[in-house]
Each structure stands twice: as structure tokens, then as C-alpha cells.
Amino acid sequence: MTTTQAAPSTDALQFPAGFLWGSATASYQIEGAVTEGGRTPSIWDTFSHTPGRVERGETGDVADDHYHRFREDVAIMARLGLTTYRFSVSWPRITPQVTADDLGPVNPEGIGFYSDLVDELLAAGISPSITLYHWDLPQALEDAGGWTSRRTAERFGEYAEVVAAALGDRVPLFITLNEPWCSAYLGYASGVHAPGRTDDAAALTAVHHLNLAHGLAAASIRRAAPTSRVALTLNLAWVRPQTDSPEDAEAARRVDGLQNRVFLDPVLKGAYPADVQADTAAVTDWSFVQPGDLDVIAAPIDVLGVNYYSPTHVRHWTRERPKEHADGHGEGKASPWIACDDVEFPFQHGRKTDMGWSIDPRGMTELLLRVAREAPGCEIMVTENGAAFPDVIDANGRVIDTDRIDYLRGHLAAVHEAIEAGAPVTGYYLWSLLDNFEWAWGYGKRFGIVHVDYNTQVRTPKDSALFYADVIRRNALTR
Ligand code: GCO
């Protein structure tokens, strides 16, 4: 006998039970209070206070004043129904006297701030996920070489142990690094991020020391917080050659190597990609990789965090015409793309965000499926996805951000598609909860689902926040 079943609903994309719905932020982008609680300067304090580095000379001195308003911010998260929140710990709050040789004393006020935040989150039923490094390196370490020095990685491993020991009893997920691609190449090759250096060899050295820092921190977390899980967050690129030509395929191979495989391979396979080492042989001999390093880096992780915003279109550049740089790194400026003189990033038609980034949710699905193939057995989380758009505020103070809702709809559907196709994606963190300090762009780019008035610090949930709250409540995307 057969029973008649209702046809599966086609008007909702249901996410798996227990799917984590979160939002992400980073310390320097929201906290402010840069001289309070015993904090010492980070490279971003120095960089943002250097004229010409950040649009309009803006700094993170006050930012969203989250340091003083975190309880209000957690209450907003609770109202939206977030089940998890990803934030980063500011290293110079935890060990403000760190030097290249010595971690220095632990600052109880620094630990206290994050401990109070964790408790506030837990009381609101929100699971905390901590990123240990979201780019605010203590300035004293940069003065001693920054990520070009092995000792920075060693101190990072010790700092990770301090945070894990203090908070591991209440924090189920520690993410070692956020987007080491940015730290290494934007910080040391193109110089558009702190510390603002333009030295290709330094950038590749930084790549390795960041990978090593991840491995040392992962081991620290295992020791100090054995019940917590360990993750690494990468901004992986969905690289699209502009045509089927072998030259464009070669351009794609090189960009894939520098952005994806130079971070994925050491962690997942315990080796650096041979082609990347060959491509960059004129820049460095890679002798900074010491015996044993790759074993440290390749220790298993529990979760791979994927940040995805936009596709990366590449093309072979023939020198017959001016080079196109859709990502804004124009000719004559230092490039983050090492040994890629004949690669260009062609402008694309179609919809873009306020960052000028093309909107293509297919990249999210494809990337998640690739990671699932390359990291079998490793859980995946989308640790960042979102969009900057200029907000329209109506006469009643309502923030109508239809563009952002459309972007989120497309990308949530793309995540759903990846899950349906077998990718073990267990959570999604929207970037970002609040409008905040968008690095070299300052406050001009708004990524928040909650609007921040920087004069009054008044927070106003945008329409996208209400949309996201509805998705969370249903655990589904309705069409
Ligand atoms: C990023 C960062 C965020 C940015 C966001 C938008 O990891 O690049 O994590 O800090 O603000 O990506 O550019």
C-alpha cells in the first residue's frame, strides 16, 4: 500500500537541523577604546594614524565603541536570534608588553573584557566563536620584523595558549587566523594594509610564518582547551579564467596557487605547492621553511572557515594595452600578486557591491564543493559573507537595504545548494553585524546589517537584519 505524501515544498530552502546562524566582527573594526584596559598599539593603530593610509584619515580609535557597548550589541544579536557570534581577540589587550623574545605578563583586564563578553553571549544563548588573529598585531612585534620573523609565530603560539586556557571552558570554537592572504600580501607586498610594506620576499616569508603560527596555535588550543574545536579561516578565491585559452588557464593557475593552495596545501597535505615555489624562485628560495615546520602546520583541524564575497576573474596580460585591475591595484602601484606581472584582473560587467566587487553566488557553491573535495572529513563553515552598499535611510529612520537582502538571498541559496550537493557546511556567519571600520576604506563602506550612526553610536537594525532574523527563525530561506 502506498501513502500519498505532500510534494516537497518548493517555496522554501530548508537548512539542516542545528545549522549555526551567526554574524562576524573583528576587534579593531568595532572595539575602539584603543588606549583603555591596558591595551598597547597594534600595527593598525600605527597604520591608520599615518597620513594617507586610510581614506579621510579615519582610525579605529572609537569605531563602534563596542568595548563599552558590548552588552547592548549582544542584546541586538539576541533579538535577531543569532545562535553564534564570531569575534576576534585583540592580541595587544592580552599581552600588552610582548616582545619578539618574550610574551610578557598576561593583562587581566584584557582577559576580563573577553570573558565578560563570552558570559554575556552564553547568557543570551549565543555560542561564542573566537578568532585569535584578525590583523591587529602588537606594534612591538612588527618593530622586530613582524610576520617576516619566526619569533612572531612562536609568540603567537604562546598567546593562543593564554586565550585558550582562559576561555576554553566556555568557547567551543577557536579560529587561529583570519585570512592570512590579506595579512601577508596586503600587509607586506601591496602595502595597502598594515604594516604597509612593499617587499615581495617579505610577503612570502610572512605566508610561511602565518601558516606556522596557525600550526603552533592549533597545538596550543589542543593542550589548553581540549574540548574546544580548532579552525582556520581562509579567503579562498573562486578563480575564473576569462577565456579557454591556455594563457588564461596559466594565469588562473598562478592566482590559485598564491591565494588558495599556498594556504590549503601545507595544512591539508603538509607540503607547499611545487609550482608556487618554482613561480617565485626569483623572489625567494623558501629557506625560511625549516625541518619540522610542515608537520606542525599539517596537524588536523576540525573546521575550515571559508570567507567568500566575490569571484576572481583573471586573464593573461599581453602588454599591448593598459593593464586592468578590477581589484583596484592599478599599474604603477605595488601588487599583492607576486610573480604575476603578466596577469590582469579584467573589469566585469554586471552587478557589483559598493566595494566594486562583482556579485556571483555561484562562486560560493563551487568554492564550498571544492573545499569539501580537498578536505574530506573536515567540517566547513562560511565564516564571512556579506556586502557593502550605500544605505538609504527614509524619513522615519528605516534603513532600506534591498541590495544587501538580494545579495544575502543569492548567497544563502548558494550555500544551500552546496549542502544539497554534499558539502558538510554547518554554519554561516554574516559579515557584518555592525557597520564598522573597513580597513583602508575607513567608515565609508557599510557592511553591517545594523546601521551605526558614528556621531551618536545609535544602532538601527536595517531591513536586512529583519530579513536575516526571519531566515534564522525558520531555519530556511523562503523565496
Ligand atoms: C576580511 C575581513 C573583514 C572585512 C570584510 C569586508 O576578512 O577581509 O575579515 O575584516 O571587513 O571582509 O572586506
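Analyst: Happy to! Arg261 and Asp256 are both buried. This is a predicted model, where local features need pLDDT of at least 70, side-chain atom pairs count only at pLDDT 80 or more, and totals for chains, interfaces and linings use all residues. Residues are numbered from 1 along each chain as its sequence is written, and side-chain values use heavy atoms, with hydrogens and water left out.

User: Why is Asp256 called buried?

Analyst: Buried means under 20% relative accessible area, exposed over 50%, and partly exposed in between (1.4 Å probe, protein chains only). Asp256 has 13% relative accessibility, so Asp256 counts as buried. Arg370, with 16%, is buried too.

User: What makes Asp256 and Arg370 a salt bridge?

Analyst: The term asks for a side-chain nitrogen of Lys or Arg within 4 Å of a carboxyl oxygen of Asp or Glu. The closest N and O atoms of Asp256 and Arg370 are 2.7 Å apart, so the pair qualifies. This pair links distant parts of the chain, 114 residues apart: Asp256 is in helix H10 and Arg370 in helix H13 (residues 362–374). Helices here are DSSP runs (H or I, at least four residues), numbered from the N terminus.

User: How do you know that Asp275 is partly exposed?

Analyst: Its relative accessible area is 22%, so Asp275 falls in the in-between class. Arg253, at 26%, is also partly exposed. Asp275 and Arg253 form a salt bridge, with the closest N and O atoms 2.8 Å apart.

Definitions and conventions: Helices (H or I, at least four residues) and strands (E, at least two) are DSSP runs, numbered from the N terminus.
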